[in-house]
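Please open the structure in a viewer and follow the stops below in order. Each stop names a selection and describes what is found there.

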Amino acid sequence: KQGAVAKSEGDAASVLAASSRKAEATYEQPFLAHATMEPINCTVHVKPDSCDIWVGTQVQGRAQAIAAEAVGMQPEQVTIHNHLLGGGFGRRLEVDFIQQAALIARQSPDPVKVVWSREEDIQHDMYRPYYYDRIGAALGEDGMPAAWTHRIVGSSIVARYFPDFMKDGVDPDAVDGAAENVYGIKNFFVDYVREEPPGIPTAFWRGVGPTRNIFVIESFLDELAELAGKDPIAYRRALLAGNSRALGVIDKAAEMSDWGTPLGPHRGRGVSFQHVFGTFMAQVAEVTVSERGEVHVDRVLAAVDCGLPINPDIIEAQLQSGIIFGITAVLHGEITLQDGRVEQSNFHDYEILRIDKSPKIEVAVIQSTEAPGGIGEPGTSGIIPAVANAVFAATGVRVRKLPFKAEDLRSR
């Protein structure tokens with residue numbers, strides 16, 4: 001169905017309808033759990049005229065407010081003792097577990113610590129939404145996109161979390177990374193269809209909107225490059241001509257990866273580019289796909305221009321972490337439901353990337369005097385399409401539904 005318009009430039013629908021050279025695709029991404037290293041927990045001590053809470057939270061103000069309501073006090077009577085998160089990834093933006101602990105603790109004069117089991121943590125998470133994207137483009141005589149349409153369908157986290165940020169039916173997070181016409185396509189259209197899964201709470205997950213949108217856009221852009229008979233990096237460079245910061249990271253990633261040199265059988269390289277969170281980044285992933293369809297990410301080369309680099313070591317660490325998180329999602333991450341319950345329960349069936357399967361990661365930080373951009377989330381956004389594009393280079397199979405399934409990639 002028609003969605004709320006997030007961006008409309010030119011007349012993409014007419015150009016697409018009249019084109020004899022076009023591509024259309026559908027992409028799907030599953031619910032994802034946060035699977036934080038430290039399961040959800042909270043300690044609360046309710047006293048006659050005050051309340052103390054020991055917790056790792058990303059939102060101290062929300063935590064204080066929900067606890068005060070739960071124990072029947074004013075917010076100023078509640079003290080939050082904030083600890084290290086034990087992994088956050090957006091899960092600790094939520095306060096459901098703090099409310100639960102406070103409601104239990106008000107029944108006792110002594111401090112009460114509530115710890116969720118790993119099974120409770122995964123089966124009662126606030127999940128990243130399931131998303132369904134329908135995307136299309138028309139190519140001009142030069143092989144470059146003359147029109148682009150992108151319909152995004154999924155739950156709205158913002159409508160629940162920041163309702164005032166909704167504008168004309170558009171969730172700004174759901175279209176983040178998609179509604180910005182970074183490649184300067186003249187006829188460009190993006191809309192959003194809000195579709196809430198009954199009874200399934202959804203929440204922010206590391207990388208937020210760009211995590212899912214960059215996968216769709218950068219995978220589809222590779223499809224267009226293939227249709228046009230052009231190299232994926234050369235295709236992006238042509239679209240980004242004149243954007244020195246964008247070209248800088250793409251050229252650096254290409255140089256680091258020896259782009260264009262052969263890798264051998266069952267191996268492939270894939271690239272992605274993004275400008276989100278105020279940061280420019282290009283990533284190249286190198287993968288090996290076995291005859292059984294098992295994907296191993298061998299090496300990741302990331303070039304980043306996040307403006308003035310305040311602490312290069314933290315930039316590198318954040319990218320390593322985000323890349324590992326993103327590879328976990330593209331290879332394994334999927335929450336499914338059967339008869340109204342989540343099927344996964346622990347790391348045996350909601351697998352996390354293991355150390356022996358982790359790639360070598362090289363990071364190049366571009367020196368810049370521009371204003372600093374974000375670095376905690378772009379690594380996750382960029383790696384997913386880079387791996388998908390590398391898998392296509394290795395196998396000729398275009399993966400549009402995550403996570404990868406070995407049966408789809410077995411030798412053909």
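In this tour, a contact means that heavy atoms lie within 4.5 Å. The model is predicted.

**Stop one: Phe 404.** Select Phe 404 and show its surroundings. Leaving aside residues up to four places away in sequence, Phe 404 touches Val 295, Val 330, Leu 331, Val 387, Ala 388, Val 391, Val 399 and Leu 409.

**Stop three: the whole chain.** Along the principal axes, the C-alpha atoms fill a box of roughly 75 × 50 × 45 Å. A compact globule of 412 residues would have a radius of gyration near 22 Å, and the chain, at 22 Å, agrees with this. Of contacts between residues at least 6 apart in sequence, 76% join residues at least 24 apart.

Finally, switch to a surface view. Which share of the 412 residues is buried? Buried residues account for 55%. The accessible surface of the chain is about 17500 Å², and carbon and sulfur atoms contribute 51% of that area. Colouring by charge shows 39 positive and 54 negative side chains, the centres of the two sets being 3 Å apart.

Conventions. Residues are numbered from 1 along each chain as its sequence is written. This is a predicted model: local features need pLDDT of at least 70, side-chain atom pairs count only at pLDDT 80 or more; totals for chains, interfaces and linings use all residues. Side-chain values use heavy atoms; hydrogens and water are left out. The radius of gyration is taken over C-alpha atoms; the globule rule is 2.2 Å times the number of residues to the power 0.38. Buried means under 20% relative accessible area, exposed over 50%, partly exposed in between (1.4 Å probe, protein chains only). Accessible areas come from the Shrake-Rupley method with a 1.4 Å probe; for residues, only the protein chains shown count as cover. Lys and Arg count as positive and Asp and Glu as negative; His and the chain ends are not counted. The place of a charge is taken as NZ of Lys, CZ of Arg, CG of Asp or CD of Glu.
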